[in-house]
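Me: I have a new structure open and would like a quick tour. Can we go through it in short steps?

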Protein chains: 2
Amino acid sequence: MAPRKAVDQELSREAIIDVAHQLFVDQGFQAVSMRMIARELGYSHGAIYYHFKNKADLFYAMIEQDFAMINKELKRLDKLELSQEEKLKELLLGYIRFGLTYPNHYEVMFIMNDKELQHYATNAPEQSYQQFAQAVAALTNQQIEIKKIWSVFLMLHGFVAHYCRIGHSFQEVEELAMSHVDMILGMIYMD
Amino acid sequence: MAPRKAVDQELSREAIIDVAHQLFVDQGFQAVSMRMIARELGYSHGAIYYHFKNKADLFYAMIEQDFAMINKELKRLDKLELSQEEKLKELLLGYIRFGLTYPNHYEVMFIMNDKELQHYATNAPEQSYQQFAQAVAALTNQQIEIKKIWSVFLMLHGFVAHYCRIGHSFQEVEELAMSHVDMILGMIYMD
DNA sequence: TGATTTAATTGAACAGTGGTTAAAAAAAGG
DNA sequence: CCTTTTTTTAACCACTGTTCAATTAAATCA
């Protein structure tokens, strides 16, 4: 039997998540196998089970990181020295940027409908939307209707969902995203 | 060996497509196997291969039907006796109505995402969009920018995709749909 | 230092799954 | 009766997630 690897090349949760991240983003949950991840890492598939209970456990450890990222993104926005209008614009554009920078996680949160994963992530989208809605309300001094915020959210979601699906990066569609956001802003400030 | 079934219950391409459609929409391309489809039909899995070359062939035949359906819907609108503004509103609302009345078809056409089928999943919706865009351009006397039409499409898509996912019918969200459409119309007629 | 314990890794094994093919069989049509 | 059409079934091979005894490097202790 082949020997255990030396400690300076020991496998870690982070290393597994990194590789799994690339593969999941590239091919989706179903298409990626534990053996593929292990092969990519240069380890045997059994080794992953020492660090993660199972495939779903690995997947959720992975997206937990990116939920933290959304919160960080919202806090980053709060600290910027901008006018309310500029902050609002940055919020909307930031939503698109996040969705297209982490398309797989966006898919899990707002698009994917996988029976196996649904048990874990059910209320996550709702929570995320609540944060978004509160930010929008604050940045418009509560002048905007609830219904309108919801429409704004769906308008952004439509953009991200589409370009997520056809696999475009944020850079590739940045200009379009900006014009999309401008139209939404025009609608917000219109009576 | 078990006998061949009597002719009055003969398997047909249509019957296979019907069952496959439900399963594909519910669970995605990868998660649905030829054996599952056959089991649901009450036939053995080999029988499907008499009617379709392989799994992808079955999927393509299925999606072709769906796109034919949306084109028919667009032509129906053209014949209505309404003003341009009313037609435009009916077009946008009709898009949502179609998506939520046939959520299975819509999901397969515009939401479902599978690497193995990405070529088809990007080209076919593109054609459908072109028809939609031409209709919008015509109903606004070509006064609307191309970019704006595309944004309108994505705004509608966001609405349909979301309520498709959580399984709401058109009736359940009709009011919200109308206010969503009104916001989009306001944006269209604004400079 | 050497012995022992602990942590990490391996690879075989299990119990399935998948798409696809092809020979055999039987119903239908002529 | 013979041919064609349709269906079944076994078989092939390459997968899958997961478990677990065996194995070995590192860490700890005497």
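Me: What area is buried between chain B and chain A?
Reply: About 3,000 Å² is buried between chain B and chain A. Carbon and sulfur atoms give 62% of that area. Buried area here is the accessible area (1.4 Å probe) that two parts lose on being put together, summed over both. This is a predicted model: local features need pLDDT of at least 70, side-chain atom pairs count only at pLDDT 80 or more, and totals for chains, interfaces and linings use all residues. Residues are numbered from 1 along each chain as its sequence is written, chains are lettered from A and ligands numbered from 1 in the order in which they are written, and side-chain values use heavy atoms, with hydrogens and water left out.

Me: Which residues in chain B lose the most area to chain A?
Reply: B:Leu154, B:Arg165 and B:Met183 do. Together they make up 22% of what that side buries.

Me: And how many residues does the contact take from each chain?
Reply: Chain B gives 35 residues and chain A gives 37 residues. Contact means heavy atoms within 4.5 Å.

Me: How many salt bridges and polar contacts are there between the two chains?
Reply: The count of salt bridges between chain B and chain A is zero. A salt bridge is a side-chain nitrogen of Lys or Arg within 4 Å of a carboxyl oxygen of Asp or Glu. Five residue pairs are in polar contact, both residues at pLDDT 80 or more. A polar contact is a pair of N or O atoms within 3.5 Å; within protein, one must be able to donate a hydrogen and the other to accept it, and residues adjacent in sequence count only if both atoms are side-chain atoms.

Me: Which helix gives the largest share of chain B's side?
Reply: H8(B), with 13 residues. Helices (H or I, at least four residues) and strands (E, at least two) are DSSP runs, numbered from the N terminus.

Me: Let's look at A:His180. Where is it, and what does its side chain make a polar contact with?
Reply: A:His180 is found in helix H10 (residues 170-188) of chain A. Its side chain makes a polar contact with the side chain of B:Ser151, at 2.7 Å. Leaving aside neighbours within four places in sequence, A:His180 is also in contact with residues including A:Phe159 and B:Leu154.

Me: Buried or exposed?
Reply: A:His180 is buried, with a relative accessible area of 0%. Buried means under 20% relative accessible area, exposed over 50%, and partly exposed in between (1.4 Å probe, protein chains only).

Me: What about A:Ser151, which residues does it touch?
Reply: A:Ser151 touches B:His180 and B:Met183, not counting residues up to four places away in sequence. A:Ser151 lies in helix H9 (residues 146-165) of chain A. At 2% relative accessibility, A:Ser151 counts as buried.

Me: Switching topic. How many salt bridges does the structure hold over all chains?
Reply: Eight. In one of them, A:Glu90 pairs with A:Arg76, the closest N and O atoms being 3.9 Å apart. A:Glu90 lies in helix H5 (residues 84-101) and A:Arg76 in helix H4 (residues 55-79) of chain A, so the pair ties together parts that are 14 residues apart in sequence.

Me: Which residues are linked in a network with those two?
Reply: A:Glu73 and A:Arg97 are linked with A:Arg76 and A:Glu90 in a network of salt bridges. In the A:Glu90 and A:Arg97 bridge, the closest N and O atoms are 3.4 Å apart.
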